[in-house]
Amino acid sequence: MAMVKQDINDFRARVKNIQNPRNKSYYDPDLGMHIPKRVSRDKIKKKVQRDEDSFLAKFIVAMVIGAFAMMIAQVVRIRFFGLSLDGDVVMALELFMAFWAMLMLSVLLGKRGAFDRVGQIVGIAAMLVAGHNLIWRWPDQMAYIYTAEHVEQVMEATTQHSVVYRGTVYGL
């Protein structure tokens with residue numbers, strides 16, 4: 001693309017066009033667009049209005065973050081520590097990892113409010129008592145995420161559409 005050679009008179013004409021008090025904007029031929037000379041304070045300080053999500057949608061997003069954090073903790077416990085047995089120490093380790101993962105995810109996603117924290121804790125609790133239903137729903141895929149032995153153990157110990165509370169399986 002060939003450029004026209006410009007001299008000092010072209011530059012002065014551009015400056016004169018910019019400094020003209022009647023102009024609110026000027027045309028810049030290099031950029032090929034109109035550029036505003038001044039931006040009012042109202043435009044700078046005006047906050048962008050966006051559609052507010054409902055409380056239920058925010059709560060569900062927070063629950064998903066908590067459930068995903070609990071799933072990360074379970075994967076770390078089963079894959080890396082090899083702890084498939086249930087016990088108080090194992091549960092404490094899993095909850096510690098879940099809360100740590102929840103904090104990291106919430107910081108990354110900007111969901112750090114008190115309302116979001118409550119939803120994340122509810123998500124961790126829901127995944128803790130009903131997360132095995134994901135294994136019942138997608139056993140082959142969960143065998144890749146967890147281990148095949150863990151999937152078999154969960155399918156032997158629980159039933160589909162159930163809740164586990166303090167080691168007791170309650171069918172729904």
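**Group meeting: a walk through the model**

Okay, so among contacts in the protein chain (heavy atoms within 4.5 Å) between residues at least 6 apart in sequence, 49% join residues at least 24 apart. Before I go on: this is a predicted model, so local features need pLDDT of at least 70 and side-chain atom pairs count only at pLDDT 80 or more, while totals for chains, interfaces and linings use all residues. Residues are numbered from 1 along each chain as its sequence is written, and side-chain values use heavy atoms, with hydrogens and water left out.

The protein chain has 8 helices and 4 strands; those are DSSP runs numbered from the N terminus, with helices being H or I of at least four residues and strands E of at least two. In sequence order the pattern reads α-β-β-α-α-α-α-α-α-α-β-β. Of the 172 residues, 24% are buried, meaning under 20% relative accessible area with a 1.4 Å probe, protein chains only.

Now, the core. The largest nonpolar core has 19 residues, and Ile135, Met142 and Tyr146 have the most contacts inside it. By nonpolar core I mean a set of buried Ala, Val, Leu, Ile, Met, Phe, Trp, Tyr and Cys residues joined through side-chain atoms within 4.5 Å. Helix 3, helix 4, helix 5 and helix 8 each give at least two residues to this core, and helix 3 supplies the largest share, 7 residues. Take methionine 142: leaving aside neighbours within four places in sequence, methionine 142 touches Met71, Leu134, Ile135, Thr147 and Val151.

Glutamate 94 sits in helix 4 and arginine 77 in helix 3, so the pair ties together parts 17 residues apart in sequence. Both glutamate 94 and arginine 77 are buried.

Last stop, glutamine 120, which is found in helix 5. Is glutamine 120 buried or exposed? Glutamine 120 counts as buried, because its relative accessibility is 0%. Setting aside neighbours within four places in sequence, its contacts are Ala62, Met63, Ile65, Gly66, Met102, Ser106 and Lys111.

That's my tour; happy to go back to any part.

Definitions and conventions. Buried means under 20% relative accessible area, exposed over 50%, partly exposed in between (1.4 Å probe, protein chains only).
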